[in-house]
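Work through the exercises below with the sequence and the model side by side. Try each task before reading its solution.

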Amino acid sequence: MSLSSGALSVDPLWPRAGSWPALADAPTGQAVDLTLIGLPTWRTSLSATGAHATPAAVRDALRRYSLHVPGLDVESLRFADAGDVAEPDGADGEQRAIAAMREAAGSSRLTVAVGGDNSLTVPAALGAWGEQLPTAGLITLDAHHDLRDGVSNGSPVRRLVEAGLDGRRIVQIGIADFANSAAYSRRAEDLGITVVPRDALHGRPLDDVMAEALEVAGAAGGPVHVDLDVDVCDRSVAPGCPASVPGGLAAWELRRFARLAGASPLVRSIDIAEVDATADADDQRTVRLAALLVLEAAAGLAARAR
């Protein structure tokens, strides 16, 4: 999917982001800093979606931005693209996605998986954690608990708990009023999940919220996966998310959380979920926000000590 029918300008003094080399072409023995991988899940979505078109759209959108951040040397990071996992839905597809994510995470300091609906969080996290699942942690930026029964984009957190993730190392930030049920709120409480509702963010510095979330999720010393479900944002900035609601996070808030996630050495992997590129506004604001989340994670990574 192209964001514009016109060609982008070329300026040697303004290099563009994106169009990164294939992960398979990375020099042997040389670690990649950030690997992008597409996990275009969509077939089990509770809402009609064309989210499988999103990884390609995000790659297109990345070309609209540079890697320049004053005070951070993002441009010197080594980027790679692991491509898309074909048909990642279903039992076989999920196993392929787990294997691809494991390979990418094993070769990179930070792996960013672009969906796809929120069901991608299961293979993205399991692949990145590998055998460290017993000590792993999860942080979600999401309007929803995602603790539903069955297999869908509404069940990834429950499925990860059933796979062995300790609920006491799960933090859910941005849970929205009128977007969940009492049954699932009780389930989150019973599992020991730390919940930070949307309203609680109005009077707290985002950096403090994320620091506390990382402390909880990383309490066992294992790797942390961060799920950036873009429907946590206000519908005005995320019309391409079927379940986004008025009153959600501002775009800058989710971008800040993405940068803070990338900056933490505890965070091995991030996913970007629930953007339907085929349902976006004409100005492609949701897809462009998703692309900026990739770049914010990169900026955070550049701030880490090597």
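**Exercise 1. How many aromatic pairs does the structure hold, and which residues form them?**

Solution. The structure holds one aromatic pair; rings of Phe, Tyr and Trp (its six-membered ring) pair if their centres lie within 6.5 Å. Its members are Trp20 and Phe79, 4.4 Å centre to centre with 10° between the planes, and the pair is stacked (planes under 30 degrees apart count as stacked, over 60 as edge-to-face and the rest as tilted). Trp20 lies in the segment before β1 (32-38) and Phe79 in strand β2 (residues 79-84), so the pair ties together parts 59 residues apart in sequence. Strands (E, at least two residues) and helices (H or I, at least four) are DSSP runs, numbered from the N terminus. Next, check burial: Trp20 has a relative accessible area of 13% and is buried, and Phe79, at 9%, is buried as well. Buried means under 20% relative accessible area, exposed over 50%, partly exposed in between (1.4 Å probe, protein chains only).

The model is predicted: local features need pLDDT of at least 70 and side-chain atom pairs 80 or more, while totals for chains, interfaces and linings use all residues. Residues are numbered from 1 along each chain as its sequence is written, and side-chain values use heavy atoms, without hydrogens and water.

**Exercise 2. Give the strand order of the open sheet and find which strands stand at the edges.**

Solution. The eight strands have the order β2-β1-β3-β8-β7-β4-β5-β6, with parallel pairing; two strands pair if DSSP finds at least two bridges between them. β2 and β6 (194-197) stand at the edges with a single partner strand each, so one side of each is left without a neighbour in the sheet.

**Exercise 3. Describe the surroundings of strand β7.**

Solution. Start with the partners: six bridges join β7 (residues 224-229) to β8 (residues 267-273), and five join β4 to β7. Leu228 has Ile272 as its bridge partner in β8, and Leu141 stands opposite Leu228. Then look at the sides: Val224, Val226 and Leu228 point one way, His225, Asp227 and Asp229 the other way. Six of the six residues of β7 are buried, so this strand is largely enclosed by the rest of the structure.

**Exercise 4. At what angle do the axes of helices α1 and α8 cross?**

Solution. The axes of α1 (residues 54-62) and α8 (residues 285-303) come within 8 Å and cross at roughly 70°. Axes are lines fitted to C-alpha atoms, for helices over the stretch in contact (heavy atoms within 4.5 Å), with angles from 0 to 180 degrees between N-to-C directions. That makes α1 roughly perpendicular to α8 (65 to 115 degrees).

Definitions and conventions: Angles under 35 degrees count as roughly parallel, over 145 as roughly antiparallel, 65 to 115 as roughly perpendicular and the rest as oblique.
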